[in-house]
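Thank you all for making time this morning. I would like to walk you through one protein, starting with its overall layout and then moving to a strand and a pair of helices.

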Amino acid sequence: MANQLTSNAEALRLFFTEDVYLVKDDSQNAFVEPVTVKAELVSHIPAIKPITKEETPSLPIVEEPKPKMQKEWNFEFLGKNQKGILILVNDAANKVSSPQGTELLRKLVKAIELTNNDFALVNYANYLDATFDDLNRVFSCQLLISFGVGAKTLGLAEQALHQMSKAEQTRMIFTANLHDLDADQASKKLLWATLQQLK
């Protein structure tokens with residue numbers, strides 16, 4: 001095998017990029033002068049000019065979206081909501097509805113065998129910007145019966161009137177305002193047939 005020792009500076013620069021020193025070896029009492037191997041670095045990369053503040057490109061500032069704060073609702077309601085049944089009415093002039101509408105609601109609730117303990121009755125006219133999600137967070141709705149408040153108003157997809165529909169875990173029935181419903185026999189019949197499914 002050929003001698004692997006070399007003193008060729010070009011060959012050594014490939015292996016040694018820093019100064020190399022030979023030091024005194026006490027065992028042989030020999031002293032050698034330090035040898036410097038210089039490595040010339042050839043750069044093919046063009047010099048990069050630093051960017052000054054004036055030359056900095058203007059980038060749009062993107063702010064992180066802030067989490068949407070949920071409005072805290074304090075709904076006034078009648079009943080005790082023990083069965084997760086929410087009844088919405090929509091009457092700006094009355095607490096529930098006109099005398100005719102209130103009587104119709106009393107008959108409907110009695111006919112499907114509900115008591116005041118079973119449901120929560122909310123007049124939506126006092127909370128016009130509340131969505132179904134807002135109501136559901138407070139009342140944990142298993143069933144929603146809405147008199148005069150449309151599905152789109154609550155932020156839901158359009159629903160057929162007087163029919164049972166379902167969104168997530170909540171059954172829903174949307175119908176006309178109680179006062180108007182009292183005078184509409186055809187709508188009352190359709191609603192009654194749907195309410196019979198609740199028994």
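When I speak of helices and strands, I mean DSSP runs numbered from the N terminus, with helices being H or I runs of at least four residues and strands being E runs of at least two. Counted in that way, the protein has five helices and six strands, and from the N terminus on its elements follow the order α-β-β-α-β-α-β-β-β-α-α. Please keep in mind that this is a predicted model, in which local features need pLDDT of at least 70 and side-chain atom pairs count only at pLDDT 80 or more, while totals for chains, interfaces and linings use all residues. Residues are numbered from 1 along each chain as its sequence is written, and side-chain values use heavy atoms, with hydrogens and water left out.

Let us turn to the sheet, where two strands are said to pair if DSSP finds at least two bridges between them. The six strands form an open sheet with mixed pairing, in the order β1-β3-β2-β4-β6-β5. β1 (78-79) and β5 (164-167) stand at the edges with a single partner strand each, so one side of each has no neighbour in the sheet.

Within this sheet, I would like to look at β2, residues 85-89, which is joined by five bridges to β3, residues 119-123, the two running parallel.

How many of the five residues of β2 are buried? Taking buried as under 20% relative accessible area, exposed as over 50% and partly exposed as in between, with a 1.4 Å probe and protein chains only, five of its five residues are buried. Ile85, Ile87 and Val89 lie on one side and Leu86 and Leu88 on the other, and both faces are covered. For the protein, buried residues make up 31% of the 199 residues.

Finally, the helices: α2 (residues 99-111) and α5 (residues 185-195) pack at an angle of about 30°, with their axes 11 Å apart, where axes are lines fitted to C-alpha atoms, for helices over the stretch in contact, and angles run from 0 to 180 degrees between N-to-C directions. Contact here means heavy atoms within 4.5 Å, and this one is made by Leu104, Leu108 and Ala111 of α2 together with Lys188, Leu191, Trp192 and Leu195 of α5. α5 also lies across β4 (143-147), β5 and β6 (170-175), running at about 170° to β6.
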